[in-house]
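Visitor: Please walk me through this one, beginning with the terms that we will need.

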Amino acid sequence: MRTDSPPKPAPGDGPPAPAAPATPTARAAPATADAPAGRYVGRFAPSPTGPLHFGSLVAALASCLDARAHGGHWLLRIEDLDPPREQPGAARSIVDTLAAFGFEHDGPIAYQSRRHALYQQAFDRLVAAGHVYPCACTRREIADSIVRQGQVLQRHGELVYPGTCRDGIAGGRAPRAWRVRVGDAVIDWQDRNGHHGHEALATEVGDFVLKRADGLWAYQLAVVVDDAQQGVTDVVRGADLLGSTSRQIFLQRLLGCPTLRYLHLPLVLDAHGEKLSKQTGAQALDARDAAGLLTRAARHLGLAVGDARSVIGFWQAAVPAWRRTRIDPLLEPDAAT
Ligand SMILES: [Zn+2]
């Protein structure tokens, strides 16, 4: 059975360290084989800022198909760490919509809002090791300081923190956020889709925030802690998150967690070439057309699937199609059989 009810934190929840995946309480209908424990663990991790739309359906489908095609586990994690951005009822709506579209997650749903203790433990470890420092700067001050250094502010880019508070906060100022020292780290990675990252963190992002001025945990920290604690091995997500990969690998290394395998997929764009999102008014999915929408999503992912007459029929065809299209038999002989 699927486990929909928000679970209490499991007593076994420990600090972020390589952990065995939770015992699955559900086996999805489209799974083709029992997952060998500890092999492939994937996840879909939406933020409850609104109902699922076509762009998030594509992301969910890709991560789920990849897990099923590998005979692995597929976890569902609700990233509800940022209450001001969230919409009441959206988490419930996402869970219900996934079910209506035939997604079946393994194990209980993880809610980030119930996992603060894990993030605190990881944060405390980084503080104890001297990797983290308090920062008193406002966004305005950071922008001014970048301009003073003669650098150009990117219009949509993130501000590269100039390191103002790295050696201590100026007298009379109070800490606002907490940042991690990136030092001279250069992160090199390659994903399964041929994306290659080579990022000198000091010049690309600077010391980045782990705990925000509003007291909330930063996305990067929570994701890394959760992936490690849940035993995730593979991340399949949209190309909009390419820019987060280096920072996440950096934090994995600082925390002694394994580096994951990544696959970044093309986003769904609207008529203006913008990423389809709740912010740009993407429509909620209509479950009455689940089979049709799933078929469209699969074709967006490059799968040659026929028109599905039912949700079950769709999944039966889509898993082998993903295996043929997305899994390289030379690199992954076990998964491709
Ligand atoms: Zn500062």
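Guide: Two strands pair if DSSP finds at least two bridges between them, and the elements are DSSP runs numbered from the N terminus: helices are H or I of at least four residues, strands E of at least two. This is a predicted model, in which local features need pLDDT of at least 70 and side-chain atom pairs count only at pLDDT 80 or more, while totals for chains, interfaces and linings use all residues. Residues are numbered from 1 along each chain as its sequence is written.

Visitor: In what order do the strands of the open sheet with antiparallel pairing stand?

Guide: β4 (132-135) and β8 (208-211) each have a single partner strand, so one side of each is left without a neighbour in the sheet. β4 pairs with β5 (residues 177-180) over four bridges, with Tyr 133 opposite Arg 179 in β5. The order of the three strands is β4-β5-β8.

Visitor: Which helix packs on that sheet, touching β4, β5 and β8?

Guide: Angles here run from 0 to 180 degrees between N-to-C directions, with axes fitted to C-alpha atoms, for helices over the stretch in contact. The direction of the packing helix makes about 95° with that of β4. That helix is α3.

Visitor: Are α3 and α6 roughly parallel or roughly perpendicular to each other?

Guide: α3 (residues 116-128) and α6 (residues 219-229) pack at about 105°, with axes 10 Å apart. Under 35 degrees counts as roughly parallel, over 145 as roughly antiparallel, 65 to 115 as roughly perpendicular and the rest as oblique. The two helices are therefore roughly perpendicular.

Visitor: How many nonpolar residues are in the contact of α3 with α6?

Guide: α3 brings Leu 118, Tyr 119, Ala 122 and Phe 123, while α6 brings Leu 221, Ala 222, Val 225 and Gln 229. Ala, Val, Leu, Ile, Met, Phe, Trp, Tyr, Cys and Pro count as nonpolar, Asp, Glu, Lys and Arg as charged, and the others, Gly among them, as polar. One residue is polar and none is charged, and the nonpolar count is seven.

Visitor: How many charged residues are in the contact of α1 with α9?

Guide: The axes of α1 (residues 54-69) and α9 (residues 311-326) come within 9 Å and cross at roughly 85°. Leu 65, Asp 66, Arg 68 and Ala 69 of α1 meet Ala 318, Val 319, Trp 322, Arg 323 and Arg 326 of α9. Besides five nonpolar residues and no polar ones, the charged count is four.

Visitor: Which residue stands opposite Arg 237?

Guide: Five bridges join the parallel strands β9 (residues 234-238) and β10 (residues 261-265). The residue in β10 that stands opposite Arg 237 is His 264.

Technical notes
Contact = placed C-beta atoms within 7 Å.
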